[in-house]
Amino acid sequence: MVGDIARFLLNVVFTLYGAVLLLRLWLQFARMPPYNPISRTVFQVTDWLVIPLRRVLGGRGGVDWASLVAAWLTALIYLTAVMLIAGGNPLSMLPEGLWISLMLMLKWAVNLVMWVTLLMVILSWVNPNAPAMPVLQALTAPLLDPIRRFMPSLGGLDLSPLVLFLFTQVALMVLSRIGLPIFGL
């Protein structure tokens, strides 16, 4: 029971931190201003890990490789901690552990897309003028706009977030079959 609780707590902490690292990458990709309260919070939480990695990796091709590598390292550390709690040897998972941590990071990214889209939809119903709405719309627009081109709105009802939500669920199923069934992650 203690092992299950420890694994649950590790899952929550590492998933949230990995998602924040990926959100940092997504905010930069969407060209959100760094003085935005959401961007500022994300940067403050992740700077301690990303800035030293940026000195080593730099940014090439418009991609924040430091944030991406930091998310992957977070997944690898999480996987190592789960192996230690289970009583296994983390070195025994090499090289599969490198692949599994990449799949885990992708799972976090897909979950992040799903939750940001869901939050945007809920806020658009409850408080469309919320300060976070422009950020959420800027993040989700590149994903929703291609869907909107194929799917017209039905009497003012935009179903593109529902379609994106379904795509994320399918992607999570595929990811769980590809690299995560061994550890049940």
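Modeller: Asp145 and Arg148 both belong to helix 5 (residues 133–150), where they are 3 residues apart, about one turn of the helix. Helices here are DSSP runs of H or I with at least four residues, strands are runs of E with at least two, and both are numbered from the N terminus. This is a predicted model, in which local features need pLDDT of at least 70 and side-chain atom pairs count only at pLDDT 80 or more, whereas totals for chains, interfaces and linings use all residues. Residues are numbered from 1 along each chain as its sequence is written, and side-chain values use heavy atoms, with hydrogens and water left out.

Biologist: What do Asp145 and Arg148 form, and how far apart are the closest N and O atoms?
Modeller: They form a salt bridge, with the closest N and O atoms 3.2 Å apart. The term requires a side-chain nitrogen of Lys or Arg within 4 Å of a carboxyl oxygen of Asp or Glu.

Biologist: Which residues do salt bridges with shared partners join into one network?
Modeller: Arg24, Asp47, Arg54 and Asp64 are joined in that way. The count by this rule is 5 salt bridges.

Biologist: Where do Asp64 and Arg24 lie?
Modeller: Asp64 is in the loop between helix 2 (37–57) and helix 3, while Arg24 is in helix 1, so the pair links distant parts of the chain, 40 residues apart. Their side chains meet in a salt bridge at 3.9 Å, N to O. Both Asp64 and Arg24 are buried.

Biologist: And what about Asp64 with Arg54?
Modeller: That is also a salt bridge, with 2.9 Å between the closest N and O atoms. Asp64 lies in the loop between helix 2 and helix 3 and Arg54 in helix 2, so the pair ties together parts that are 10 residues apart in sequence. Asp64 counts as buried at 7% relative accessibility, whereas Arg54, at 31%, counts as partly exposed.

Biologist: Changing topic: at what angle do helix 1 and helix 3 pack?
Modeller: Helix 1 and helix 3 (residues 65–85) pack at about 175°, and their axes are 9 Å apart. Axes are lines fitted to C-alpha atoms, for helices over the stretch in contact, and angles run from 0 to 180 degrees between N-to-C directions. Helix 1 is therefore roughly antiparallel to helix 3. Angles under 35 degrees count as roughly parallel, over 145 as roughly antiparallel, 65 to 115 as roughly perpendicular and the rest as oblique.

Biologist: How does helix 1 pack with helix 4?
Modeller: Helix 1 (residues 2–29) and helix 4 (residues 96–126) pack at an angle of about 75°, with 9 Å between their axes. That makes helix 1 roughly perpendicular to helix 4. Contact means heavy atoms within 4.5 Å, and the residues making it include Phe14 and Trp26 of helix 1 and Trp108 and Leu112 of helix 4.

Biologist: Finally, what is Thr80 in contact with?
Modeller: Leaving aside neighbours within four places in sequence, Thr80 is in contact with Pro90 and Met93. Thr80 lies in helix 3 and is partly exposed, with a relative accessible area of 24%.

How values were computed
Buried < 20%, exposed > 50% of the residue type's maximum accessible area, 1.4 Å probe, protein only.
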